[in-house]
Amino acid sequence: MKRRKSRAKSSSSSLVRVEHKSMFSQRRLAALAGIIFTVLVAQAGYFYWQYNQGQVDYLSVQNKFDEYEQQLLEKQTLIDEFQQQLISKQAQLEEQQLVIDELDERLINLDEKYLFLMQEINATSTLLVDKNSEIASLEQQYIDSQKALKKKSSQLYSLQRRFERDVNSAIAKERRKLTESQLMVDQELAQLQSQEAEISAKISNVDEWERKRAEFEKLYASSALEKQNEERVSKLMDQFNELRVDLDVVNECDKDYLYRYNEAKSLLNHIRTFIQKYEMRDEFYYYVISNDSMINSQNRKLCVVD
């Protein structure tokens, strides 16, 4: 920033020096014209003195004066040309001064922008330092994580090798057991094949035995079912007797007796249905018929209250 400001000051100083130099050149040109004019006047005075002294004639003096006047006109023309060039140069310098002023103004704006950018750069640099510090911390964490991961990977590899050794050992052990089992199965299979041969030799006896067993099982099943049905009817008859009711008498005023009476009728109907279904012996029919006749007669109806 300081360097750019000094550069602007240097540009302005250069312009001032150019302007002073141009002004000095104008004075120098005027002085030169005065010197030329003085020399010409001095020469004219010298010839005029020679003319008075009679050293030169009038015609020579007149020619010299004409010659000096011509030189003076030429010098004046040259001075006028220089003056015009000087005016043109001065106008150019003024235009350049305007351009320089505009450039100085732009330079000031650029300096302000440069200052703002420098502030932004400083803030960005501070943020960059913080981010670099954070990145360094993250990199250190990454390095630590890589070390931990490498350690864990080594441990996992060791565990994996140990597991593989254990698995291979267990597989080998199971294979030995399987081989032994296969040998035992082969031996048992040979024995079974031998027994099968013996059984095949006695197959006719087995068929006869199976036929007899089927007949026995059928006979046994029939006897067992009959016995089971008799036990069932006996239990129902015991329940009927436990009700202690007289089917030819109806006590309409005793609710408990009336309930047992109806229960006895229901049991008797159930016994009848069961006997008919399984075609049981005649004594069971006689039991149902004898009790059923009491219900149908219904000779007496009482009303006895305890």
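The report below covers confidence, the nonpolar core and the aromatic pairs.

**How to read the values.** This is a predicted model, in which local features need pLDDT of at least 70, side-chain atom pairs count only at pLDDT 80 or more, and totals for chains, interfaces and linings use all residues. Residues are numbered from 1 along each chain as its sequence is written, and side-chain values use heavy atoms, with hydrogens and water left out.

**Confidence.** The pLDDT is the predictor's confidence in each residue, from 0 to 100. For the chain its mean is 78, and 74% of the residues reach 70 or more. Helix α1 (residues 2–53) has the lowest confidence, with a mean of 59, while α4 has the highest, at 88. Helices here are DSSP runs (H or I, at least four residues), numbered from the N terminus. Over residues 1–24 the pLDDT is below 50, and this stretch has 17 contacts in the model beyond near neighbours in sequence; a contact means heavy atoms within 4.5 Å.

**The nonpolar core.** Such a core is a set of buried Ala, Val, Leu, Ile, Met, Phe, Trp, Tyr and Cys residues joined through side-chain atoms within 4.5 Å. Buried means under 20% relative accessible area, exposed over 50%, and partly exposed in between (1.4 Å probe, protein chains only). The largest core has 20 residues, and Val233, Phe240, Leu247, Ile271 and Ile275 touch the most other members. The elements giving two or more residues to this core are α3, α4 and α5, and α4 gives the most, with eight residues. Leaving aside neighbours within four places in sequence, Ile275 is in contact with Val233, Met280, Phe284, Tyr285 and Val288.

**Aromatic pairs.** Rings of Phe, Tyr and Trp (its six-membered ring) pair if their centres lie within 6.5 Å; planes under 30 degrees apart count as stacked, over 60 as edge-to-face and the rest as tilted.

| Pair | Kind | Centre to centre | Between the planes |
|---|---|---|---|
| Phe240 and Tyr287 | edge-to-face | 6.2 Å | 80 degrees |
| Phe274 and Tyr278 | tilted | 4.8 Å | 50 degrees |

Phe240 lies in helix α3 (residues 203–242) and Tyr287 in helix α5 (residues 282–297), so their pair ties together parts that are 47 residues apart in sequence. Phe240 is buried at a relative accessible area of 5%, and Tyr287 counts as buried at 17%. Phe274 and Tyr278 both sit in helix α4 (residues 255–278), four residues apart, about one turn of the helix. Phe274 is buried, at 13%, whereas Tyr278 counts as partly exposed, at 32%.
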